[in-house]
Structure formats: structure tokens, C-alpha cells
Amino acid sequence: MMKRGRVFAVLVGGVFCVALMSLYRMLEVMQRAELRPRGDTPPGQVDQDLLRLQQKIDRLEGLLSENNRLVAALRDSLVHRKAGRPGGVANSSSVSAPRLPGCRLAEELKDGADGVQLLDVYDLLAFDNPDGGAWKQGFDISYRGDEWDEQPLEVFLVPHSHNDPGWLKTFDGYYEDQTRHILNNMVTKLSEDSRRKMIWAEISYFSKWWSEIDEQKRSTVKRLVGAGQLELVTGGWVMPDEASTHYFALLDQLLEGHQWLQTHLGVTPSSGWAIDPFGHSPSMTYLLKGAGLKNMVIQRIHYAVKKHFARQKSLEFLWRQSWDSSPRSDITCHMMPFYSYDVPHTCGPNPAVCCQFDFHRLPGRRVFCPWRVPPQPITEQNVQERALLLLDQYRQKSLLFRTPVLLVPLGDDFRFVESSEWDVQLSSYQRLFDYYQQHPELRVTARFGTLSDYFQSLHRRLGASGVSLPSLRGDFFTYADRDDHYWSGFFSSRPFYKRLDRVLEATLRATEILFSLTLAEMRRFHGDGRLAATFPAREHFARLTSGRRSLALFQHHDAVTGTARDPVVVDYGTRLLRSLLDLRQVLRSSAHWLLLPDRSRYRHDASAPLLLMDEEPAAQDAPPLKTRLRLGDRARSLVVFNPTQQVQTSVVTVLVDRPDARVSDARTGTPVPVQMSAVWAEPGRPAAEAFQLSFVAALPPLALTVYQVTAAPAGSAPRARYTLHGPADPAALRNPHFQVSRPPDSEADAPLLLSNRHLEAWSSARTGLLQEVRLRSGLTRKVQVQFLWYGTRTGSNRDKSGAYLFLPGDEGGQPYRSSEPPLVRVSRGPIFSDITSCYKHFTHTLRLFHLEGHAGRSLEISNMVDIRSESNRELVMRLVSDVANGNRFYSDLNGFQMQQRRLLAKLPLQAHFYPMTAAAFLQDAAGRLTLLAAQSQGVAALRPGQLEVVLDRRLLQDDNRGLGQGVTDNKVTASLYRLLLEERGGGATEVGGASEEHLSLLAHLDSLSLCQPPITMVTRDHAPQLKLRPFLPLSSPLPCDIHLLNLRTLEDEQEAGSPSQEVALLLHRKGFHCDYTPEPKPACTWSAHEKVNLDQLFSPLVFGSVRRSGLTFLRDVQDPDQVQQQDPDFRLRPMEIGAFRVVIR
């Protein structure tokens, strides 16, 4: 053993020597560059030398990163070997602290680094943009002519029409004007010739059209689908954005589309089609693979990445999850090589030639070729010349791939509206195909096809030739289509609606779960599977379906992105608001039935419901309004639903009409801690007739907990105390209900301290903004909150920021400056304390909860932003810390996984902004600083220790991407975060180049409570006095790392529009980082085993049947580890989502 230890030590030393020699070489190169005589330098030589030096530094950075990874792996192995020896732990000062069970599983899952890592590709690329000739962003392609002698070229021309469910027109506007005509003509034209084919993606449109056509046309559609002439690709409700979307909503829209297809057409999609989302995420590929898809096509990728992949013949690859070393998650992906998905950019590298084969642009029609060489009608006289010209493009394009099978899309946005376009396109191409068939010496076959046709042929050729596709890990953000035009602006456009999207998502998930539990309890209550006759189950199921579809529609890549025209945004917002109100009806009604002691007395009365929500949305473009409760001697019941699978210790806040109130547990009568706080009508003036009542609620998992609230004697309730810094109205100091004071002159500039048993946070008295955080363990970090403005480029001939693009001014971010000092309001109370800073454009609050357990481990940050007075400005919140993270930080992808990001000097500022759906963090050897978010926005780390998020953007001009307007419909917008500082344990001394990391267990729990907050309901005034009984469906929480993603009632297969007894159960086992062990331990448990037992997880609920399924429930999946079909034990690996069809007894 001693000899092995020496070997490991020698290996570690050797790696360090390599690193040191590399550093010495780098210094030598730099020194030579500095000492070169200036006078002898030819023009441009310095720039070339600096560029080469930069490239060498980047390559060295990659080598050092790999060295770090190897050192970390060797060190861990050495530590583990020492720990395995008797007495090894006691004699080692660097031994890892005990890790959480289950960590090793996650680490083993991500072991292995085979294939292409996109981060390494970014390190290699120069990201220059030389003129490539005909293919502007590529290179010249040449061939001899004999490349297809052994294997002829096989071309599949795939007609398509990309139909945006809202963009320049509303969903209904597009449908009436264009989409329904496209689909009607499709049925006619495909039926005329069995050789014709087409693909369709957007099920939202297809389902609307289906509901309007007659049975004869439906039968024709089914025949076309069965014959393979029409293929439904992807099958989602929309073609979703993949940057700003949360994985719950991504799966929701996919599930809604797939369920519709199964019900009406019996179709299971096999290929994905994502040609217009602005960048691509591996989270989406995981969901597609889990839903049963095997292949996919993507388009909007950075032009430099496309060029690199084309040179490597790697445009087709197996896309693998970064955290998975096995091929389980692989999906075959085809990357379209050229600029766009329109006809000029799909037949080959020369758009001027390809445009001549878009016969919709024939002279006399409404569309023309910008290259000024129009198409020609195909005749007997010119068919040879035209066919050979087109074949040349096909051949050039095929040389970018590993097989002679070629995919050529034929279409564009809203194509094939007119019957004449179908005729001219399909008949012209058929003449060209016939010519190829008549001339076998050309060694090409071409025909209309679908994606399935193409991929079947591709896999057949790959198998026959023994050629394999490379595997790839990573994501394709941030997208640039040309020059330095990075599409990082849309990450933060229309943030009001991005926030509303997440509110609806959380409400939908909570409603799905409570509705499913209600129906199961109802059937158990009646004993014969019947539902209560007085409960409007069918009507509520229709509301649920509508809510699912509204959320699904908003995932469209011009909706949640904030890149639609103003009237379209209003239409989206109205749909979201209507669904939010509908879902709250279902929530209230379900809770009412579950809480009744005598459920046979339930009566549904929509005009006078028993329960009301504690807040209601005022309008589709305004923040919600709190309901003010009138208190008296008669108790009002408060019902709090915990939509999470964990025990939550939460602070619940309601608005009341008096400054003293009492809250007690309705079941036991035990008083619970309360805090009365002021409602600030203006920054320095409390409201006189409304007060905040906050209390600590201990909420069991998935439970409805009942509290009683009554008026209390004057002065009996604990109240917050306020200190005002900066300009304040003297009248505010004479408040009859709260102690409001100014600090003594000697303390006016002293740092403001918030503290609880877990941490201390200091803020500036002058600005109210955070400066430093210290954990009770002693770890202290500088963490400063700053606000900045970004402008846009100036000059009449320069492109400027718009809805899609972020093109900042040359000056970069500028500090936010106020002409007057802000009012800083410090609140201190027994349940929470906070510091609120009131500026002209935003109100910023830092809050710390005085709670036991892990709930008080983070700081809550909230902003209320209003930049409606500004022009061409973007407001940013920046964290400046002393975390030594180097040029790396991590941001999440769709709330599903974390992705490493790197700061590269060769890229412009706007290229370093990435989508953040739920989390981002910085880390070093000492610890980690995590920002958890309740909404999507852009995030960047432009310097070591810095992390910034874009809060809102107001831009006056279009950015020339088709929208035709700026972004000027800004709203007063809320944003909400948790800031978590964690000390690194596990004996780690450095962080290396590992590209996959997970959130800590504590961060997962914190994010869960942030994104799935408790839902509060209150009995209405003068409601019948009922003793409500709490509803406790689970005896214990689920394991910490298992997330109940959804419990969704399926539609009855026999009775359309009615709820089934079957429920879709979706569980996600989170991967969590091993070096951050929460202290004290959370109430939930965790396991080192991959197997989960559903009966144990959900006890005392009983599942009558359990079938493992694909993620959209179109097919059953047999778990190979199950002994028998009804075995309740299932394998659920870290990061895996498991789907189960269950019947709850």
C-alpha cells in the first residue's frame, strides 16, 4: 500500500511539473513578444502576434484545466485510499468530511469524457468571420465527381411550413389568414400524388384545424399519416424556446401535443424538428429521448460552430447529456449547416443558386430572390441544365456529412398558403427528380420525403458502412447568426411576462396535484370509484386542460422570449391571466371538498365559493393585488397548501385591516408566532388601514393546513420596528401603530446588520445595498450588490439592441447613479428583518428570515423595477464578490441541469450573457455563491467574482430580425431571488475543469420553496362557520433528492373530456453536489440506492396499478430490473425523470 501511495504521489508531482513547464513556456512567449524591436515590426504584425499569443493562452488554459481535473481525480483517489487504511482517517488532516449518501452515484454517472465537449470547441475556435465566398460564413467546397461511384447520392426533399403560434399576428390571426389554408391545401395536394410528402410540427394549430374539419377530411388525414405522406414531427404543442423555458413547461407542451396525437391519430412521433428556436439546450433533447424520439433536426447554431462542425463532418452526432457517461440519453441529431431554414439556404452552400429553386419566387409572384437571379419554370428545354445546377449544390452539401444521404428541407415561414404554390413547387421538383431517375449515370436519386424517411436511410447507410457518428456534450448558447450579433437580448425581454409564465407554471403544477388527489380521495370515499355528483369534475378538467394549453402555447419561441409584437403580447398575457383565474377555481373547489369533515355536504357554488385566494391578479399587465381580510372576534380560516413533496417551514403573509391579530393551528388550537408589519403606501409613508400579518407555518408535504386568524387585543401582537435612513417625511416618524425612528447621528453611517443563527449580512447605510456575508462557521465573503445601466451602440450606421439582440455601447456597463440619495428603510422583527432601498427606477429589498433549520440559510432578494421613463437602456443587478472562480461560472439550463460557462477574451461582451432559468453560481476552493431565481433572465460573469442579471430592457428600435418594432411596452416588474453562501467541505482544495456540476442539496431545497411557494386561501366574509379538517396525504416527505414533478390526471380514453382514473406520475431524481453538506441536516432523507419503492414513497397512498412509461405516456417502458410487472421497486438514477401511469386507490 505504501508503494502505491508513492506512485500516486509521483503521478501528482508529474502533472504539476507539466503545468509549471507550460506556464514557463507561456511567460517566455510573452517576454519575447514584449522584447521584439518595435521599429522593425511590419504593419499588422503586432496584431497577428497578439492574436497568436491569445490563441496559445486559450490552449494553455485548456491544458491547465485538464491538469486540474487530473490532479483532483488523483487527489481524491489518494484520499480515499488513505481513508481505507486502518487509522488513515485519524492521521490525515485533509480527509474528506462524510459525504451524503447518493453523492457517489451522481459522480459515477458523470464519469467518462468521451466524445466532443462543446466547451473545448469554444476554446479552440477563433470566432473570426472571414468571407467564405458563395457560402459567406463557410468555405469553398470542391469535389472530383467520382465520390458517388460506389454509393450513389440519396436526396430527401422535405416540404414543410413553419407556422409560428403568434409573432407578427396573434395565434388566431395567423390561423384564420394562413394556417387553415395551408392545412386544407395539404390534404388536397398530398392526395393528388402518392409521391408527395410533408411534415408538420405545431400541434396547437393542427388541433384547432382538426376541430373544424369534417369526418371525411379527418379520414383522409389519417390515411395520409398511415401511408407516410404526412408526418407529425416532434409533436409538441409548439416549437418551444429552449433558453427561457423551465423543463416543467417544456414537458407540459410536449405531453399536451403527444396526448392529443395519441387520442386523435394514434401517432407516436419519432423525430424532432426545431428549426427556429434561438439556440438549443440538451435539456430538450433529454425530454425528447424520454418521450420516445430517436432523431432530431436543429438549425439556429452559432455560425462559427457550424463551420467547425462542417469541416469535421460532425454536423450529425449523438447528443449526450453532460452528466451521463452511458449512451442511454443519446439522440441522433442533424445540424443544418447554413444560415437559415429557408429554401435559399438549404439546397447547398450557394444561396444565389438555391433561390432559383424556390419556385414560389418565380417572376410574377409576390416573393422574389434578393440575389436578382430568379427561378425558371422547368421545361423540357432547360430541365438538364437546371437539374445539373441543382445537383451540384446537392453534391457540395453532401460532402459536409459522413454518408451520401442528404436532407434538404423545402419551406419557410407560413409557406404553401396558396394552392398555386403547392402546384408550382411540387410539380417543378418532380420533373427534376424524374430527370435524375432517367439518368442513372448521375449517381443520384431524389424524392420527396419525411424526417422518418431520411433518418431510416441514414441509419441503414451507417450500419452498412460501419461509419459511426461522434458523441457530443454541451449546449448551443449563445447563438449568433452573423458578425457579433449575439441573440442574448431575448433572455431578458418582456420580463413581466417571463415572471407571469412561472407563476402560471407553479399554479398549474399545484392544481394538477391537488385535483388528482381530490379525485382519488373522492373515489375512495364513495368506495365504488364514483366521483361526487355535486363536484364539477368534468368542468374542472376542462379548465385544467385549458391551463395546460395556455402555458404550452406561451413556451413558443416568440412568446416566452418576449419577441412578439405588442398586440400579440397582450393576447398571450390575456390567455395566461384567464388560465390563472380558471386554475384557481379548481384549486379552491378541490381544497373545499378535501377539507370538509362531512364530505357528503359539499355543494359547488361558483358565485359564492367557500374559499378565496389571498391575492388576485388585477390585469394581464399589472402585479397582483393582496386581498385585505376584515378581522373580528369571529375566526377566519386560512388554508395553506404546500405544493411540494417536502416539509416546508414557510412565512405566510396576508393583508389585514388592523394592526393586531392572532393566528392559531385550527386542529390543536396552538398559537403560532406572528409578526405585524406596515404596508408602505409610499416609500416613507405607511398605510393607515392595511397591515401585513406574517406567521410561521409548518407545512407537511402536499398538505392542506388550516389556521384560524382573529383580531387580537391592541398592542398584543409583535410588531416590526423601522429605522429610516436618507430623506424621509418627518410625519412618518409619528406613526400610531409602529415604532419608526431615525438612527442617531453617531450611527447614521454605520453598516446595517441582518443576522440569524445561520449567517450575518452587512449592508451600506447610504445605499442599503449588501456588502458582506459571514456564515456562523466563520467563512466571510465580500458580496456587494450593485446596479448598472447598459446602453446600446450609437451612430446612424451601427446596429443597435432590440428584442432579440444585445448590442451594448462601447462604454459597457455604467454604474447606476441617482441625483438624490435613496430612502433606506430597515425593518426588524421576530420572524424576518429586511432592508429596503427606494430608488427612482427600482425598489430593492434584502430579507433574512429568523427560522430554524435550513430555511433561514439564504438571503431573499426582491426587486420592483420600473424603467418606463428610459430610452435604449437596460437595468442590471450585479453581485461583486471575492470568490476566486477564475473565468468560469455555472448557469442552469431550463432548471434541469447546470452548465459551465467560460469567459473568453476573444468574444465580445454580449456573447458572455447566457440564459438563466433558475440558478447560477460562482465557486472556488473555499465555497460557493449561488443565486437562485424565480424567473428567467440573462446572466453573465464578466470578471472573476462577479455575477450579473438583466432586470429589464427598454429599446426604441427594431434589431432587423423581422419583428419590425422595439421593446417599449415595459411594466412595473417584480423579480425574486435567494442568495446562498455555502462553505466547501469534502476536503476539496481546488476546482478544476469539470464541465458538469450540480446544485447542492440545500440549493435544490431552497429553489423548490422559491419556485413552488405555498398557496394561501381564506374563507370569505360571512361564509358558513365550518370546522375544516386538514388534509395530510403523505405520512412523510419524499427523499430530499426526489422531486415530484407532476401528478397529472389523464383524459379518459372512453369518454373524451372527462378525467380518467389513471394519473401521470412524474418523478425527477436530482443530482446534487457532494462537497456541500447542509448543517443542520434537512428533515427529508436520502438514499445511496438507485431503486425507489413507490408504495413507500407515497405511503399511505395506495397505487392499484403502476406502469412505467415514456415521458409523454404514449408507451409503456419495462424496467429490466423489475422482477415482475407489479413490482413497486423501480430504478431511478440521479438526474433521471421517471414516468409512471398509476391508479391511486
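This report describes disulfides, aromatic contacts and strand pairing in a predicted model.

## Basis of the model

Residues are numbered from 1 along each chain as its sequence is written, and side-chain values use heavy atoms, with hydrogens and water left out. Because the model is predicted, local features need pLDDT of at least 70 and side-chain atom pairs count only at pLDDT 80 or more, whereas totals for chains, interfaces and linings use all residues.

## Disulfides

A search of the whole structure finds three disulfides, a disulfide being a pair of cysteine sulfur atoms within 2.5 Å. With bonded cysteines counted along the chain, the pattern is 1-2, 3-4, 5-6. Cys 347 and Cys 354 are bonded with their sulfur atoms 2.0 Å apart; the angle about the S-S bond is -90°, and the link is left-handed. Both of these cysteines, Cys 347 and Cys 354, are buried (buried means under 20% relative accessible area, exposed over 50%, partly exposed in between, with a 1.4 Å probe and protein chains only).

The sulfur atoms of Cys 355 and Cys 369 are also placed 2.0 Å apart in a disulfide, which is left-handed at -105° about the S-S bond. Cys 355 and Cys 369 lie 14 residues apart in the loop between α11 (351–354) and α12 (383–398). Helices (H or I, at least four residues) and strands (E, at least two) are DSSP runs, numbered from the N terminus. Cys 355 has a relative accessible area of 0% and is therefore buried; Cys 369, at 6%, is buried as well.

Cys 1040 is joined to Cys 1084 with an S to S distance of 1.9 Å. This link of Cys 1040 and Cys 1084 is right-handed, with 100° about the S-S bond. The pair links distant parts of the chain, 44 residues apart: Cys 1040 is in the loop between β44 (1015–1019) and β45, and Cys 1084 in the loop between β46 and β47 (1091–1093). Cys 1040 and Cys 1084 are both buried.

## Aromatic contacts

The count comes to 55 aromatic pairs. Rings of Phe, Tyr and Trp (its six-membered ring) pair if their centres lie within 6.5 Å; planes under 30 degrees apart count as stacked, over 60 as edge-to-face and the rest as tilted. The ring centres of Phe 691 and Phe 738 are 6.2 Å apart and the planes are at 35°, so this pair is tilted. Phe 787 and Phe 842 form a stacked pair because their planes are at 20°, with centres 3.9 Å apart. Phe 787 is in strand β29 (residues 780–790) and Phe 842 in strand β33 (residues 842–849), 55 residues apart.

A charge sits over a ring if NZ of Lys or CZ of Arg is within 6 Å of the ring centre and within 35 degrees of the ring normal. Arg 847 lies over the face of Phe 832, 4.0 Å from the ring centre, and the charged end of Lys 208 sits over the ring of Tyr 175, 5.2 Å from its centre.

## Strand pairing

Two strands pair if DSSP finds at least two bridges between them. An open sheet of four strands has the order β45-β46-β50-β48, with antiparallel pairing. Its edge strands, β45 (1042–1051) and β48 (1103–1109), each pair on one side only. Eight bridges join β45 to the antiparallel strand β46 (residues 1059–1069), and Leu 1044 has Leu 1067 in β46 as its bridge partner.

In strand β43 (residues 973–983), nine of the 11 residues are buried. Seven bridges join β43 to the antiparallel strand β34 (residues 859–865), and seven bridges join β43 to strand β40 (residues 927–933), also antiparallel.
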